[in-house]
Each structure stands twice: as C-alpha cells, then as structure tokens.
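This report describes one protein chain for a reader who is new to structural description. Please examine the sequence and the structure shown below before reading on.

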Amino acid sequence: MGVTYWTRIASPVGELLLTADADGALTSLSVPGQKGGRSVEAGWQRDPGPFRAAEEQLAAYFAGERKEFQLSLSTHGTVFRERVWGALDDVPYGATTTYGEIAARIGASRMAVRAVGGAIGANPLLIVRPCHRVIGADGSMTGYAGGLERKVRLLGLEGAVETD
C-alpha cells in the first residue's frame, strides 16, 4: 500500500492530524474527537516535510487570509463518494449549500439525499474539502463529523453565519 506520512498541526479548532501518501498528496485531515477520524497507526512515518504547504495554507485560512486551498489531494472512495466530495470542492468560501443541492449538483435523485449525507460524513479531508458548508434544508446546523461547535466556528470564520 505504500508509506503514510503524518504530522500534527495546532489550529483554532484543535490539533489537526494530517496524513499524506508517498507522493506527498494530502490523504486526510482529522480533528480531535472526530466521528470516523483517523488515528496514527503503526508503520506510519512522522515527517512534517510533506505538510509545509498545507500548514501554511491552513494558517492563512484561520487568519482569514485564504479562501481556497491549492493542495495536492488523494482520496479513495466509491465513485459516488468521490462525486459528492468533488461537489464539496465547488462550494465557495463564505457560502452554504444543502444536502439536496449537493445531490442535484451530482445528478442524484432527491431520494439520494441520505446517501449524500453519508458520503459527506465520510469526507476524509475536513476543512480543506469544505463539508462544514453543508447545512440542513431549513438552514439548521446539521451533522458534522468534527462536531457542530466546530462547524459553526468555521462558518463564522468564513462569514457565512453570525457567531457570538
């Protein structure tokens, strides 16, 4: 399967765990307590080198200076999940969308909204692939693998919602 590199980066939403493949492409970004988040595994190599660009871009994002990430990404999901994740990449900074809108964007039926939610919940690249921008059809803050408090904080940072 190849080598997996990892590092941890401090952030305003907690310590981030990043993984990359042998080519240096980012394969996951997890937050503490994340549902389905990754944990360091035996055999992984700790090396901050492959993550310099990600660290710089995340710092700029949290400082409000970056609206898009320009990183090499490598995810491995089903064809359906990859289509959903690709649609997430098109949701602009400071905007929100709904699960139904994501389903429509990928040509899935309204009946597929639950499957879209499952694919979004399995997104391995939190923050970088902006699943936090997906909200309920009624505008409610619904499911986020990193926790609703983080979702609101990220949307507040982007100016998509007002925070206290």
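Predicted model: local features only at pLDDT ≥ 70, side-chain atom pairs only at ≥ 80, totals over all residues.

Buried here means under 20% relative accessible area.

**Partners of the strand**

Strand β3 runs antiparallel to strand β2 (residues 16-20), and four bridges join the two. One of the residue pairs is Leu 18, whose bridge partner in β3 is Leu 29. Five residues lie between the strands of this hairpin, where Gly 24 takes a positive phi near 85 degrees.

Strand β2 also pairs with strand β1 (residues 5-9), in the antiparallel sense and over five bridges. Here Trp 6 has Thr 19 of β2 as its bridge partner. The two pairings are set out below.

| Strand pair | Sense | Bridges | A bridge partner pair |
|---|---|---|---|
| β2 and β3 | antiparallel | four bridges | Leu 18 and Leu 29 |
| β1 and β2 | antiparallel | five bridges | Trp 6 and Thr 19 |

**The sheet**

In what order do the strands of the open sheet stand? The order is β3-β2-β1-β4, a sheet of four strands with mixed pairing. Strands β3 and β4 (45-46) stand at the edges with a single partner strand each, so one side of each has no neighbour in the sheet.

**The whole chain**

The chain has five helices and six strands. Read from the N terminus, the elements follow the pattern β-β-β-β-α-α-β-α-α-β-α. The radius of gyration of the chain is 15 Å, close to the 15 Å that the globule rule gives for 164 residues, so the chain is as compact as a globular protein of that length. Along the principal axes, the C-alpha atoms fill a box of roughly 45 × 40 × 25 Å.

Of the 164 residues in the chain, 44% are buried. Among contacts with a separation of 6 or more, 56% are between residues 24 or more positions apart.

**Surface and charge**

The chain exposes about 8500 Å², and carbon and sulfur atoms supply 48% of this area.

Terms used. Residues numbered from 1 in each chain as written. Heavy atoms only, no water. Rg over C-alpha atoms; globule rule 2.2 N^0.38 Å. Buried < 20%, exposed > 50% of the residue type's maximum accessible area, 1.4 Å probe, protein only. Contact = heavy atoms within 4.5 Å. Areas by Shrake-Rupley, 256 points an atom, 1.4 Å probe, with all protein chains shown as cover. Pairing = 2+ DSSP bridges.
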